[in-house]
Amino acid sequence: QVQLVESGGGLVQAGGSLRVSCAASGGTFRSYHMGWFRQAPGKERDFVATITRNFGITYYSESVKGRFTISRDNAKNTVYLQMNSLKPEDTAVYYCAADERGFPGSSPREYEYWGQGTQVTVSS
């Protein structure tokens, strides 16, 4: 029902910052919980952060807490992930996800819709 398109990935040095964006179309953006996941080659898709549709409550994985910030702009149908103090281990394809059901949590199975991903590479 909703289409998601990520952008803003790229190459950054360790300690640097990057912001990735996810634009939604074809659905009512305000009705969706939004999340960010990431996947490195040969690894499982891991939870990064989520923001609820109600009141914009945020949750983060322990590995990114204090460094990453998820936010949403309902007027622009867009969710963002601001990444600061980047580390080489943050290198992955970052995926945007959406779900209109109950609170989605940290499992990929709890999200219905996915973007194509955007590559983030952090050099040492």
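Start by selecting Arg45 and Tyr95: Arg45 lies over the face of the Tyr95 ring, 3.7 Å from its centre. Keep in mind that you are looking at a predicted model.

Is Trp114 buried or partly exposed? Its relative accessibility is 26%, so Trp114 counts as partly exposed.

Next, bring up the aromatic rings. There are five aromatic pairs to find here. Pick Phe37 and Phe47 to see one of them: the two rings sit edge-to-face, 5.8 Å from centre to centre, with 70° between their planes. Colour the strands and you'll see that this pair links distant parts of the chain. Phe37 belongs to strand 4 (residues 33-39) and Phe47 to strand 5 (residues 46-51), ten residues apart.

Now select Phe37 together with Trp114. Their ring centres are 5.1 Å apart and the planes meet at 55°, so this pair is tilted. Trp114 lies in strand 10 (residues 113-114) and Phe37 in strand 4, so the pair ties together parts that are 77 residues apart in sequence.

Which residues do the ring pairs link into a cluster? They are Phe37, Phe47, Tyr111 and Trp114.

Definitions and conventions:
Residues numbered from 1 in each chain as written. Predicted model: local features only at pLDDT ≥ 70, side-chain atom pairs only at ≥ 80, totals over all residues. Heavy atoms only, no water. Phe/Tyr/Trp six-rings, centres within 6.5 Å; stacked < 30°, edge-to-face > 60°. Helix = DSSP H or I, 4+ residues; strand = E, 2+ residues; numbered from the N terminus. Buried < 20%, exposed > 50% of the residue type's maximum accessible area, 1.4 Å probe, protein only. Lys NZ or Arg CZ within 6 Å of the ring centre and 35° of its normal.
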